[in-house]
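Subject: Structure for your review

Dear colleague,

Please find below the structure that I am handing over to you. My notes on it follow directly after.

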Amino acid sequence: LVRDAGVRVDAAVDNVQKALLEGAFLTVLVVFLFLNSWRSTVITGLALPVSVLASFIAVWLMGFRLETMSLLGLSLAIGILIDDAIVVRENIVRHVEMGKDHYLAAQEGTDEIGLAVAATTFSILAVFFPIGFMPGLAGQWFRPFALTIACSVFVSLFVSFSLDPMLSAYWADPQLEANERRNPISRALDRFNAWFNSLADRYKKVIGWALDHRAAMVAIAVGSFVVALALPATGIIGGAFWPEDDTSEIFVKVETPPGSNLDYTRVKAEEAARLVRSHTEVLYSYTTIGGASGTVDEAMVFGRLKPRGERETSAEELASALRTEVKQIAGMTPSVMTTDWGGGEKQIQLQVRGADATTLTASAEAIAAEVRKADGAVDVELSTKGQKPEVNIEIDRSLAGAMGVTVGEIAQSLRPAFAGIKTGDWVDPAGETREVTVRLEPQARQRVDDLRQLPIVLSGAGPGGAPAIVPLGQLARVQQSIGPAQIDHLDGDVVVTVGANTSGKPVSEVLKDIQQRIDAIALPPGVTITQGGESEDQAEVFGGIFAALGVAVLLMYLILVMQFGSFVDPLAILVSLPLSLIGVMLALLLTGGTINLMSLIGVILLAGIVAKNAILLIDFAKWAREREGLSLRDALIQAGAIRLRPIVMTTLALVAGMLPIAIGGGEGAQFRAPLGRAVIGGVITSTFLTLLVIPTFYEILDEWREWVMSRFRSSKPVDSHPGPEIQPATALK
């Protein structure tokens, strides 16, 4: 079993490495498609191995390992690592096509695009550094992921400013400079690039239309953001902590009635295991009794399924079928799960808290009844594990105090009767030494009349100070009753947990239904309900993510303020961040995904990615206004036409790098897929919306700034007592 688990882990890591290589290959193909030069492709593609290999040093220094999260970060960063090199090399090629020699083109092309490239990279670093230093459970998950990406991206910036310009200057492409294309592939790519250039010219008219219809662009931006928020708020897109993942495993938790012995639990567990093995999708089963709980009335049946590609039935479908079958086994309470992420705990845990165990049990049973009615809630049970017979001994404290006996002394007298007392060792005929423990036989421990006759020794209560012996019935009232089989405490309160799993619906939808039902229950005074389990972890991790994202956006704004020397221009760039959310939600909606840990990692990644397109547009527009003296409208139109190629190139490179994650197979593929799908959807929609919305918002903000500045200039006080007139230097001379 351990060897099999190791093979699975190795397979999952191998799949991530495979996705990394496939993404790198597809990204390089995108570069070749647009640049139509194998030398340009090599120069640009060198950023990938250099950045990835250099990041291994950072991984080693920070004490990380090449495991799923760090490798996943590298595979997702493939499209980002080549972005800087793509933008620099594309700008150098554009200068070469303008007629400059390769040395001058490398120098001026890098200088022209340097500010934009640095701004995009530092924006990405601003996102991932706060994420990498999150505390708690979120930090354990994201630290290797975020810091690995940050280190590799920083190295890619250094490569794009050093290795790429150097190779562009001294390893020129003769065909590129001579505008010659000899082979059929190059000629076909020439036709593609000619078509793309004509598309860029037509895009000028689209930008002009957008600038003329600013109200429509604002409505599109605001409307897409509202729709993106409405999809999860209305329950159209559900939420969960973990994505649905078929790990080729199934778990059947068996709980026998309280007080069951080991043999009884073994019989019931074997019956459940036979049902598991009866399905052809199951390779073998493995049963444990006791486990982490250490009680003999619990067992866990583990079933190893065939690999996902060798069976038609998913693990969730098999779990639904088994859930119906194992319910037919009498004398046990089963729970069926497809993953053991929570250590066998239920996905939904409602913690009913208070001071009185009896009141809590009644309230919890009423809540459990409502939970069973919720659509999608299965395996509902209480942590008390039902009721069991018990013996209550209520001591008459006044009488005991008068006779000089304490509650502790009575408890110590009862201990040998129930728990037993060690009296020595015995060597059996086989030579084995065994401990001898003496206690009452089972029947005597259960009969109330016998318990009332238990002798209690009273020190000094007899004649002359001798010890006296009185029966327990004289000092206490002994009676039989029914009580919870298990009593738990949480933060000083008695707690009864109502647990449930979900089937066929996301956890968030099931919880919403449950919450509506239990809100109608009138709870006794002092009884409260809190949430634990997966929902508690989800609240902790998601809260940490959103807090870190808020810090990241603030850092990004400050970096852009320093880069552009303006407090207003970065606002137009940050508008691109919410524009990606509509793509994320649409991608999850089309693929049936949920808002979970993996898809939120995609949102984090997008926060550092989507701003780059807006930076490229705004940077060139500012450069055109300052260097060429163009009007704002003409500068925005020219920026859109010239920057369309690098924007589309980097977008397609990102999509190509994410495709193996989004559609890959093998171990762990379903777990990683929401991440890739969220990024692809967000990048595509943010790119299209950025090309139209960002120029519009920039023009609006620029007009507002000019209006505010004009108000300040017009309100400047006029000096009513001017000083002496100063003559020009020429006149004085």
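A residue is called buried when its relative accessible area is under 20%, exposed when that value is over 50%, and partly exposed in between. Please bear in mind that this is a predicted model.

By that rule, L558 is partly exposed, because its relative accessible area is 41%. This residue is found in helix α19, which covers residues 533-564. L558 also belongs to a nonpolar patch on the surface, together with V551, L554 and L555. The accessible area of these four residues together is about 330 Å².

The buried residues of α14 are I410, L414 and A417. They cover an arc of only 40° around the axis, and therefore lie on the same side of α14. In general, an α-helix has 3.6 residues a turn, so residues three or four places apart point the same way. On the other side of α14, Q412 and R415 are exposed. The helix α14 is followed by G420, which has a positive phi, near 90°.

Finally, L630 is placed in the loop between α24 (611-628) and α25 (632-663). L630 is partly exposed, with a relative accessible area of 25%. Apart from its neighbours within four places in sequence, L630 is in contact with A624, R625, A635 and Q638.

Yours sincerely

How values were computed. Residues numbered from 1 in each chain as written. Predicted model: local features only at pLDDT ≥ 70, side-chain atom pairs only at ≥ 80, totals over all residues. Heavy atoms only, no water. Buried < 20%, exposed > 50% of the residue type's maximum accessible area, 1.4 Å probe, protein only. Helix = DSSP H or I, 4+ residues; strand = E, 2+ residues; numbered from the N terminus. Arc of directions from axis to C-beta. Patch = residues over 30% accessible without salt bridge, like charges linked within 9 Å, V, L, I, M, F, W, Y side chains within 5 Å. Areas by Shrake-Rupley, 256 points an atom, 1.4 Å probe, with all protein chains shown as cover. Salt bridge = Lys/Arg side-chain N within 4 Å of Asp/Glu carboxyl O. Contact = heavy atoms within 4.5 Å.
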